[in-house]
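Please examine the structure shown here. The briefing after it is arranged by topic.

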Amino acid sequence: MPENVKPLPSSEAAAVLGKKVRGANGEELGPIVDVLVDSDGHPLAAVIDFGGFLGVGSRKVAVDWKALDFTSLGRADTVGLGLNRAQIAAAPEYKPGPPGANVVTTPSSPLPPVDAHK
Amino acid sequence: MHINDPPMSAVAGNSKPKADEGVSVGRGLDGLNLFVANIQTGFGPFISVYLTTQGWTQTAIGTALSLGTIAAMASQIPAGVLVDAIRNKAVVAFASILAFSASALLLAIRPTALWVYAAEVLHGFSSCTLGPAIAAMSLIFAGPAMLGSRLGRNARFASIGNGIGAALMGACGYYVSERAVFFLTAAVTLPAVLSLLPLTRLREQAPPPSPGKHPARAPISGLLTNRALVIFALCAMLFTLGNSAMLPLAANTLTKEAGNFASLLIAGCIIVPQLVVAAISPAMGGLAEQRGRRLVLLIGFCTLPVRGILFATLGHPAALVLIQALDGVAAACVGILVPLIASDIAGRSGRYNLSMGLIGLAIGIGATISTTFAGWIADAFSTRAAYVSLALVGLLAVLLAFGAMPETRPAPLDLQLD
């Protein structure tokens with residue numbers, strides 16, 4: 001293996017795009033379709049494609065990265081979120097670009113709106 | 001989903017000497033419409049759900065879907081010319097369905113860029129050959145006089161196929177996996193091919209032995225200057241522009257406001273119109289035969305502004321599902337009239353499928369603009385403003401049809417000559 005390559009075992013890191021998010025009651029909310037990061041590259045929010053039927057009527061919603069629980073990712077290929085369907089449904093729709101996203105947080109993880117383009 | 005709306009044919013009317021053969025051809029067309037509509041459910045918006053689960057980015061999904069749209073639009077005219085040139089339409093249908101299987105299998109087995117693009121292009125092109133081929137077989141089977149009834153029946157079976165498809169594919173995606181939907185889609189191409197077997201006997205009659213001077217196929221320029229065809233294509237484009245963003249907009253509202261039952265209600269919004277189409281298409285086909293095309297066209301078009309205004313004013317989730325019944329009325333009328341009016345205009349000129357391609361292109365343009373247009377209005381103003389704008393476009397379609405669209409139903413005398 002070349003010197004500039006180091007192994008990153010699947011027990012330490014996993015892909016998140018397309019992974020399904022499950023809500024507080026185990027209900028399926030939708031897949032992660034994008035990640036918003038700050039200028040250091042740290043993730044601040046995940047964009048979830050929420051709801052819909054056969055691809056019709058889904059809405060993109062940004063949720064606070066800290067509200068997500070990735071411990072089930074290796075085991076069940078899903079990501080946990082301490083919110084239920086009604087709380088996600090009420091959130092404003094995520095639109096890329098300025099002025100930025102309104103991020104849904106859990107009561108324990110307050111976070112101001114993210115300006116994705118600063 | 002407009003591509004699979006088209007044709008149907010009249011079984012009862014054809015019970016002459018070869019009654020048994022007529023029955024089996026009619027049943028073949030029934031099955032073909034049902035299974036093809038079933039297959040088409042998996043393609044469309046569901047592809048983006050599937051590619052998302054495969055780790056595709058939104059940008060890449062957008063590229064793949066745009067490629068499919070462009071392929072479908074660019075194929076309309078060449079596909080029409082091709083289908084006109086091939087006398088045995090069952091062969092065209094067979095090849096198109098095989099392309100659907102290949103496309104579904106590529107998506108299921110190889111969801112990587114190159115293969116997904118190939119699948120999208122393949123599906124886009126074969127949709128453009130299959131719709132016209134089914135319409136052409138219906139015309140050969142039913143004849144111009146009974147085509148309205150046959151198309152009504154085709155629409156009935158296609159909508160049953162759409163409804164079953166939505167329920168089946170939705171359940172498959174939810175309980176099994178998104179990938180399984182495309183294996184199921186590929187599996188459904190088998191019964192579609194079996195339905196084709198009795199249709200292989202259909203042969204297009206030799207070009208009309210008409211008043212000598214006509215060449216085998218009318219010149220293409222004649223179509224482009226045909227007033228009825230151009231007006232109808234414009235009407236169909238305006239109608240689709242007002243129509244196709246309406247369901248996604250209503251579904252989006254449901255996701256936001258209908259809580260835990262949103263997905264179920266959206267399924268209702270998709271299935272309710274199919275039930276209506278299944279119920280009324282044969283009657284609408286008969287009406288087009290007996291009372292003319294204009295009446296059916298105006299009935300269908302008028303529902304669109306009404307639906308837009310109802311969506312804009314009634315917010316209750318259950319009301320949205322009920323209002324979708326109007327979509328079924330419009331879908332039944334337009335689904336029957338596209339192949340029927342194309343047949344009135346070009347049925348015996350050897351340019352039937354090209355005419356359908358032209359109308360298909362106009363519909364494709366309308367559908368593409370519709371989503372962008374409605375999305376822009378909804379963002380800049382409000383969802384309600386978007387409904388009202390779509391309703392106004394629908395009203396324009398009504399006015400254009402009322403003011404400029406001629407009646408194209410052949411005079412009864414002409415029909416007896418067949």
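This is a predicted model: local features need pLDDT of at least 70, side-chain atom pairs count only at pLDDT 80 or more; totals for chains, interfaces and linings use all residues.

Residues are numbered from 1 along each chain as its sequence is written, while chains are lettered from A and ligands numbered from 1 in the order in which they are written.

**Chain A**
- Chain A has two helices and seven strands, where helices (H or I, at least four residues) and strands (E, at least two) are DSSP runs numbered from the N terminus.
- Along the sequence, the pattern of chain A is β-β-β-β-β-α-β-α-β.
- The C-alpha trace of chain A spans about 50 × 35 × 30 Å along its principal axes.

**Contact between the chains**
- Chain B contributes 27 residues and chain A 20 residues; two residues are in contact if their C-beta atoms, placed from the backbone, lie within 7 Å.
- On the side of chain B that touches chain A, α2 (46-53), α5 (113-175), α9 (246-257) and α10 (262-291) of chain B each supply at least two residues.
- α9(B) gives the most to that side, with seven residues.

**Helix pair α9(B) and α14(B)**
- The axes of α9(B) and α14 (residues 383-404) of chain B come within 11 Å and cross at roughly 160 degrees; axes are lines fitted to C-alpha atoms, for helices over the stretch in contact, and angles run from 0 to 180 degrees between N-to-C directions.
- α9(B) and α14(B) are therefore roughly antiparallel to each other (angles over 145 degrees).
- Met246(B), Leu249(B) and Thr253(B) of α9(B) make the contact with Thr383(B), Ala386(B), Tyr387(B) and Leu390(B) of α14(B).

Notes: Angles under 35 degrees count as roughly parallel, over 145 as roughly antiparallel, 65 to 115 as roughly perpendicular and the rest as oblique.
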